[in-house]
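Colleague: I would like to learn how to read a structure slowly, feature by feature. Could we take a few places one at a time, with the general idea before the case?

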Amino acid sequence: MDLYEYQGKQYFARFGIPISPGGVADTVDEAVAQADKAGYPVVVKAQVKVGGRGKAGGIQLADDADAVRRHAGNILGMDISGHTVHRLWIENASDIAREYYASFTLDRAAKLHLCMVSAKGGVEIEEVAATDPQAISRLHVDPVDGISLDAAAGLVAEAGIDEQARSQAAALLVKLYDCYVHGDCDLAEINPLILTTDGRVHALDAKVTLDDNAAYRHPEWDAFAGDEEMDEREKLAREKGLNYIGLSGSVGIIANGAGLAMSTLDVVTQVGGTAANFLDIGGGANADVMAAALDVINSDAAVRAIFVNIFGGITRVDEVANGVVEALRRVDIHSPIVLRLDGTNAEAGREILAAHLSDNLVMEPTMLAAARRAVALAGGGR
Ligand code: GDP
Ligand code: MN
């Protein structure tokens, strides 16, 4: 789960990482009240889970209540890369002397934690990595050893962080590691980490991704989940207990098993189509599950065709076929469906469906043929 900046900062604060005093606001009046509390000048910051808010006009400095009123009014409801702003974070503005970058994440290939520090902060780190890779200093951290203050200090010096900021930055890195490990983050990133004109180092932004697998030991995360910004389709899928991920293509996909679902995405792509989603209905694809899956895919206006790809193993294809027939009775489908049924009791399954075939419900003998058909019905392919 990704956190909003304000949640990430509150999380940081719990681990002693310095941030600017501030608070959240959902209305213009609340924004002014928070600004009065934080102390002027303030920064009015759009809370959306996407970077580049500054460039999009979602971050504004305000010297007084009138300016807060004006900026808050403009930013609330603003669209930033497809994300609507519903909430603001108002904090006491910092006088920035320098902008740095610091993060911890997992380097899966190395099987170690990775700490990255750069004196070139404030800009997209991907851009720095592409144009000036030397400007990012890296340190692998063994989870058994953790990061020592000495190691952090060495990295900070190597990255060319200004002399006067080094000891504070090193101490902050140790706290950030603590947050990353004990806070069960997949990513804990500060960009920019700043040095103020009066010599203080603190986090001006926060990008935190929590490791959902650790949710069981963090009841306090429930508060974050309530505020989660979720794709409408994914929300519906979660309510129905489906393993669904929304994508941006036109071919809706239903498969049994995560591996088969991924292969289905690959084959659709291979024949020139684009997948609208990943959806694994798992074993026991009965009518309820199939109807729920079709419901979710139906709710996606971009879908032009649906590819149902079932390979019966323990799940028997005749049962799946009955599920499909029953689901079609319950759900009013907007797009043509292409079926590929194979595996245990496939013959019986195909027979059950034979009577129901039409222009809008077709069957293909192989996965590749079915993918071609679905992509063609969606108006694409080659
Ligand atoms: P992002 O654009 O979504 O990454 O949002 P950030 O929180 O990183 O802010 C973007 C930029 O706004 C920063 O790099 C700063 O240059 C500027 N900014 C943010 N907060 C302050 C502040 O308190 N004072 C000043 N002077 N600039 C700020
Ligand atoms: Mn930033």
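Colleague: Where does V181 lie?

Modeller: Helices and strands here are DSSP runs, numbered from the N terminus, where a helix is H or I over at least four residues and a strand is E over at least two. V181 lies in helix 6, which covers 166–182. Before we go on, note that this is a predicted model, in which local features need pLDDT of at least 70, side-chain atom pairs count only at pLDDT 80 or more, and totals for chains, interfaces and linings use all residues. Residues are numbered from 1 along each chain as its sequence is written, chains are lettered from A and ligands numbered from 1 in the order in which they are written, and side-chain values use heavy atoms, with hydrogens and water left out.

Colleague: As what does V181 count in terms of accessibility?

Modeller: A residue is buried under 20% relative accessible area, exposed over 50%, and partly exposed in between, with a 1.4 Å probe and protein chains only. Because its relative accessibility is 29%, V181 counts as partly exposed.

Colleague: Is S335 buried or exposed?

Modeller: S335 has a relative accessible area of 8%, so it is buried. This residue sits in the loop between helix 11 (317–330) and strand 17 (337–343). A contact means heavy atoms within 4.5 Å, and, leaving out residues up to four places away in sequence, S335 touches V303, R304, A305 and I306.

Colleague: Which residues does T274 touch?

Modeller: With residues up to four places away in sequence again not counted, T274 touches G249, S250, V251 and V268. T274 belongs to the loop between helix 9 (258–270) and strand 15 (277–280), and its relative accessibility is 41%, so T274 counts as partly exposed. The C-alpha atoms of T274 and L247 are 8.8 Å apart, while the two residues are 27 apart in sequence.

Colleague: How many cavities of 30 Å³ or more does a search of the whole structure find?

Modeller: On a 1 Å grid over the protein atoms alone, a cavity is a set of points where a 1.4 Å probe fits but cannot get out, whereas a pocket is an open set with protein on both sides within 12 Å along at least five of seven lines; lining residues have an atom within 4 Å of a point. Grid points are joined across faces, edges and corners, and a volume is the space filled by probe spheres set on the points. The search finds one cavity of 30 Å³ or more, and the largest cavity has a volume of about 50 Å³. Its lining includes Y100, V117 and L193, and strand 7 and helix 6 each give two or more residues to it.

Colleague: What is the volume of the largest pocket, and where does that pocket lie?

Modeller: The largest pocket has a volume of about 1,100 Å³. It is lined by 42 residues, of which G51, G52, R53, N191 and D205 lie nearest its centre. Domain bounds come from an automatic or database domain assignment, and because domain 1 (21–92) and domain 2 (96–222) both give residues to the lining, the largest pocket lies between them.
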